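Let's explore this structure together through a few questions and answers. Keep the picture open beside you as you read.

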Amino acid sequence: PGWTLLPKLSFNAATYSLDHAVANVQRESSRVIPTFSIDSAWTFERDTHGFGRALRQTLEPRLLYVNTPFVQQSDLPNFDSAAKDFNLESIFSDNLFSGVDRVSDGHQITAGVTTRFLDADTGAEALRLGIVQRYLFRDQRVTPDPVPATQRFSDVLLLGSTSLVNDWNFDASLQFRPEG
């Protein structure tokens with residue numbers, strides 16, 4: 001089995017100097033927000049048969065732990081930050097926002113697992129299935145809306161793709177809210 005462990009300490013720093021005052025925003029301000037994360041992923045493989053051919057099946061569990069402290073940012077300008085779409089890339093990211101003007105606080109773990117069926121001869125992916133969900137250990141106060149996120153479990157993200165039909169690729173994801 002393959003295994004990776006990636007600890008990371010990052011700092012998101014920004015300084016603002018505005019020519020004109022804007023309501024509820026300071027003209028001169030700066031902030032530095034640290035984030036600590038540990039991303040771990042494993043890959044297990046086995047040979048199998050299916051769909052009329054020899055296959056290699058993988059099982060790929062992944063855990064991402066993130067801890068970013070709360071830093072008040074409502075008095076800072078927001079020129080380029082927006083909420084990321086909910087997808088596989090964003091659920092395994094340190095920050096809910098794109099851009100540098102907002103950094104989401106978080107004490108969370110994201111867990112997911114993917115399985116792939118690869119053609120044993122060519123390595124081409126025939127089928128991929130996955131599931132992932134995030135858990136918050138505390139309320140998240142820096143959110144796209146001015147309302148803190150208090151729901152501990154995120155929506156469940158189900159993923160699937162296949163190229164079992166020659167010259168066609170099918171890719172789908174499903175977002176499921178179990179609480180509601």
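A polar contact is a pair of N or O atoms within 3.5 Å; within protein, one must be able to donate a hydrogen and the other to accept it, and residues adjacent in sequence count only if both atoms are side-chain atoms. This is a predicted model, where local features need pLDDT of at least 70, side-chain atom pairs count only at pLDDT 80 or more, and totals for chains, interfaces and linings use all residues. Residues are numbered from 1 along each chain as its sequence is written, and side-chain values use heavy atoms, leaving out hydrogens and water.

Q: Which side chain makes a polar contact with the side chain of Thr68?
A: Thr68 has a relative accessible area of 1%, so Thr68 is buried (buried means under 20%, exposed over 50%, partly exposed in between, with a 1.4 Å probe and protein chains only). At 2.8 Å, the side chain that makes a polar contact with Thr68 is that of Thr35.

Q: Is Glu45 buried or exposed?
A: Glu45 forms a salt bridge with Arg56 (3.8 Å, N to O); the term means a side-chain nitrogen of Lys or Arg within 4 Å of a carboxyl oxygen of Asp or Glu. Arg56, at 33% relative accessibility, is partly exposed. With a relative accessible area of 51%, Glu45 is exposed.

Q: Which residues are linked with Glu60 in a network of salt bridges?
A: Side chains of opposite charge can pair when their charged atoms come close. Glu125 meets Arg116 at 2.8 Å, N to O, and Glu125 also pairs with Arg128 at 3.4 Å. The network links Glu60 with Arg116, Glu125 and Arg128.
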